[in-house]
Amino acid sequence: MGVRTLRLDVGLLLGRATYALLIATAAFLLTAGLPLARASGPATDNALDLAIRVNFQPESSELVCGYAPDFGHLFAQQNGLSFGWNFDHSDAMRDRDAGDDERLDTLAQFHAEGMWEISVSNGEHRVRASVGDAAEASTNVLNVEGASFFSGEQVPAGQFREVTETVTVTDGKLTLDQGSAPDLATRINFIDIDAKGAPEGCAEESDPEDQPDTPTPPSDPATARVRTTFPTAPINVNFQSEGSPAACGYTPDRGKVFAKRHDMAFGWNIDHTTRARDRGLRLDQRKDTFVRIKAGGVWEIAVPSGDHKVKVAVGDTGARSVNSIFVEGVTVFDDLALETNQSAVVTLTVPVTDGRLTIDTGGSSQLHTKINYVDINSPGVRECKDSGSITGDISTGPLPPRPYGLSGLRLVFGEHCSPEANDGRAYFPSAGGRDTHGYVYFHARLSNLIGNKVLSRVESRAKANDYGVWGYACRMKTGGTSWSVHSWGAAVDTNTIHNPFGQTHWNGRGSNGKPFGKFLPKIWKGRGFYWGLNFNDPMHFQYVSGY
Amino acid sequence: MIHMKGNRLALLAGCVGVAAGMVSWFGGPSGRTATVAPPLPGQQIESGTVRHVVDRPGVGTAFVADREGPDMLSVTIHDVTRTAPTEGEVTNPAISESGSVAWAEDQTSIKVWNPRTDELTTLNRPEATSAVFSPTFVTDNKIAAVGQHPVFGIPGEDDGLNDLFEISLDEGAWKPLTSFAGSATDWTAVRTPVATPDGDVLFVRVHGNSEATSEPGFELWTTSAEGARRLARLPGEMYLAGLNDDTLMWNARNETCDDWGLFEETQDGLEQVGCGAVLADPLEGVDPDLQHEELGDFAAPPAHEEGDMAVIVGDFASEEQAAAVEARMQDVPGQRVVTHDSLPHSVAPGAWVVLRPVPSGMSPTDALDEMRKALPAYAEMAFVVSMGR
C-alpha cells in the first residue's frame, strides 16, 4: 500500500475554525505517532559513546553511574583518565542531599586561583558544564580552555545553569578555572566532554531478578557498565521483533543495545530494534524471526572466559539473504547467499578471553545478514511451556493472559474506578500492618489468581510479606492524565515500606527482618504480573504491561 | 454553569474569563506549511511515541517523543529545529514568548533551556514536595508548575495531593499558588495548567476518594491576585488544551475519535474541532518504558475453574446474623455460612460470611450481580473470592 501525504497549507485566509480543524487533525496525527515531518525530524543516536564525564563530589557521596568521580585531589591518573586540581580541593567538595540528581546535588567550590584539568586529545571538544548549588545561592565564573562559560552568573539556591560549547585544545589538557573570582565562589557540579545523551549502560533494563537487595556502585565508574551475571550453560537466544511471541525455550533478543536482561547481559553495540522482524510464515519461531545486522553491528553476550560451543543460524523465511557471520573473529558464514525460506546452521567451538562472546559480520559490505538464533553450550531447545492465548469474548469468563496497553486493560477490566474494580477480596498477611493480616481488594476477575494462586504461595512463607499490601485505589498516575492501574483493581503493592517508589532495587526483607530475596517477586511474576521495578517502583505488581 | 447540549458538552458563556492572544497549540504563524502522513493509529515514529504537543504562535512548537529510556524533545523555534538536552522522562513542554523551553524531567525537576544560547537551567522541585511537573510560562522569567505533596500510605506512582506553585527564575524560590487539602483517601490532582496573558493560571482540579468506585470530580480553577478559586464544575473527565486567542480549548473523551476529542469553547457550548491529545496523555499510546519485560516469558496465568469461585456476603459479627441473611437468599448448591477456618484466604478470624459457590456455567461476576440484585442492601458486602482448590 502506498503512502499518501496530506499537505496542510495554513495561512491567514483560513477561518479560525478551519484552521483549528486542520491543526487538530495534525495533532491527531502526531498523537497517533506521526511526525510533522520536515519541521521536526527525529534525531538518531547511533554513534558510539566516546564521552568523558566527571562528577565533582565528596568521597563519601554516592557515585554517579557513568561518571568518573573527582574528589578534589591533585592532577593524577585516576579511573583510566588523567585529571585533577592544581592544588588540593578535597575540602571544597559538597553534597547537599537536597535533590534527586546526584550530579547536581554534589559540587566543587573553586578556591581562589584554583584550576582543574583533564587530559584529552588536541582538537575540538564539545564541553558541557553545570554550575549551581542545591542549598545556597552562588555567583559563578567558569572559563573552559579560556572560553567564558559563565561570567558572574548568579544562580539562586536550588537552581543550576548549564552551558555547552565547543572549545579547542592545543596542549593536551582541557583547563577549567574561575579567573579572578573570590575563594569558593564558583560551584561546579559536573562536566561532560564529547558526551551525547545519557551514559551508556546507565539506563539499563532493570531485570529485577538480578538486582541486589542492597545496591552497590559500579567498581569503575569511568567505564561503568551493566553488572554482569555470568549465565550458566546452556544459553539459547532468538533474534526477533518487539511484541512477537518468544520462540519456545529461547530468550528473545529484540535488537536492543547491550544490557542486563533475563539473568544475562547481552545485546547490540548499536540499536537494532528497527531491524528485528517476525515474518509470521513458519511455525518454528526461531527461523521465522531474525535481526538484519547493520553495518558495524556487533552483538555480544557476557559469558565466562573459556571455550564455548556456539551454534549460529541465519536466513529469512520471507526473502533472500546474504550472510556474513564471525564468532570471536572466526569465520562462520562468508557472504553466504540463501534463497527465501532457506536457512543455514553452523556449530563451532571458540575461546572467549574477555568475558564476552562476540558476533559480527566481519566488516562485510553486505547488509543482508539475517541472524535467526544462537545456541551456546546447548544440546538443543529446552522444554517449553505454552503461555496460553486469548480466544473468544474476554470480557467475561476465564481470565486471559496479561493484557497489553490501555486498550488491553480496558478490554479485560472495563473502566477505571468501576464498581467491579474492587469486587475481589483476599485476606493477606501484613496487609493490615506488620504481621497483621488484612483485606486487600482487587478486580473480581483476579480473584482466583490473587486470592488463590498468589496468596497460597505467599502464605507458605508469610513472614516474607511485610507492611503493607495495597490493592484497589481510584487514583491518577502522578503528573499525567492517565489513571493508575490500581484504579482497575489490577495492581497490588506489597512490602511497601522497604520498597518505595523511586527505589531501583528490591528489598526482600520480611516482617521478621530476615532476607527472603526475590521470593515474593518470583511469585507475582510467575503468575503473570508485570513488576513495577521496571519503572523504579519495586513494591508494585500489575496485571498489564505497556501501561 | 455547564450543561449537556445534544452530544456535546456545553459551557455557558461567561463562566470563564480569558483574555486574548494567549499561547496555545491552536494558534500559529501565517503561511506555515506542514506535511503529514495519513493517520495510522497506534504506530510509533522511529524516535518514539509522540505526546504533549505545544505551540506558541509566532515563536515555535515542541513535542515529546516518548522513548525507552531518556525521551527526545523536539523544539522548533523561529523555524530552527533542535533537540533539547534531555536526560530522562520528559513531560509537558512549554514555550515562552522569548523562545525558551521548559519541561518536567523525571518529575523531579523543571528544566529551562534557551535554544539560542544553549543555556540550561535546572529548577529543583519545590521544597517538601515529591514530584514536580506540568510547567507553564506565566511570563518570560516566571514559571508555574504542579508539585506533588508526599502523603503517607499512597502508592508512590500515584497522585495524592497536588498544589500549583510559581517560581521566578531571578529569585529562585517556589511559592504556592493553591493550598488544597487532602488525606490518605481524599485526593486532589492539578492538571493541565495554562497561563493567561493576565498572569493568571487556569487549571483542572480532579478530586476523588481512593476507596470509592465512582467517577472523580472535575473542576476548572484559576489563580488570581485574590487567590485561587473555582470557576466551574465540569461535567466529566476533560482537560485544558490551551487557548486560541480568547477561546478556551479542551480535550474530552470522544467516541468518534476513539481517543481524546478536541473542543473549542463557544457561546453555545463546546464545539468539536477535531481529535487528538494536546496536553493530555494519548489514550492509545503505549509507554515505551514499560515494555522491558518480554511478554512471552511469564507462566500462563491460571484461568478460574468451575467450582473454584464463590460469592461471599459478609463480614457478620455472629453466625446468627449471617444465617439470617442467608435465609433471605435464593439457595444455590453448596450455599452455607462459613468462617476463616473454611476460607482462610478470604475471611478474617472472628467473622462469619455467607458462601455462595458460583454455579457451573455461570461467571463469578454474573453470580455477584445476581446476588446484589436480590439483596441490594448487602451489595457493598459482597465479593468474588476463590475457594482455594
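Reader: What makes β20(A) and strand β27 (residues 370–376) of chain A a pair?
Author: Two strands pair if DSSP finds at least two bridges between them. β20(A) and β27(A) share two bridges, in the antiparallel sense, so they pass. In one spot, Arg292(A) stands opposite Lys370(A). Mind that this is a predicted model: local features need pLDDT of at least 70, side-chain atom pairs count only at 80 or more, and totals for chains, interfaces and linings use all residues. Residues are numbered from 1 along each chain as its sequence is written, with chains lettered from A and ligands numbered from 1 in the order written.

Reader: And what is called a strand here?
Author: A DSSP run of E, at least two residues, numbered from the N terminus. β20(A) covers residues 289–292, so it qualifies.

Reader: How do you know that β19 (residues 276–278) of chain A pairs with β20(A)?
Author: There are three antiparallel bridges between them, and Arg277(A) stands opposite Phe290(A).

Reader: Which way do the residues of β20(A) point, and are they buried or exposed?
Author: Thr289(A) and Val291(A) point one way, Phe290(A) and Arg292(A) the other, and all are buried. Buried means 20 or more other C-beta atoms within 10 Å of a residue's own; exposed means 12 or fewer, partly exposed in between, with C-beta atoms placed from the backbone. Side chains in a regular strand alternate between the two faces of the sheet.

Reader: Why are β30 and β31 of chain A called edges?
Author: The open sheet runs β30-β32-β31 (chain A), antiparallel. β30 and β31 each have a single partner strand, so one side of each lacks a neighbour in the sheet.

Technical notes
Helix = DSSP H or I, 4+ residues; strand = E, 2+ residues; numbered from the N terminus.
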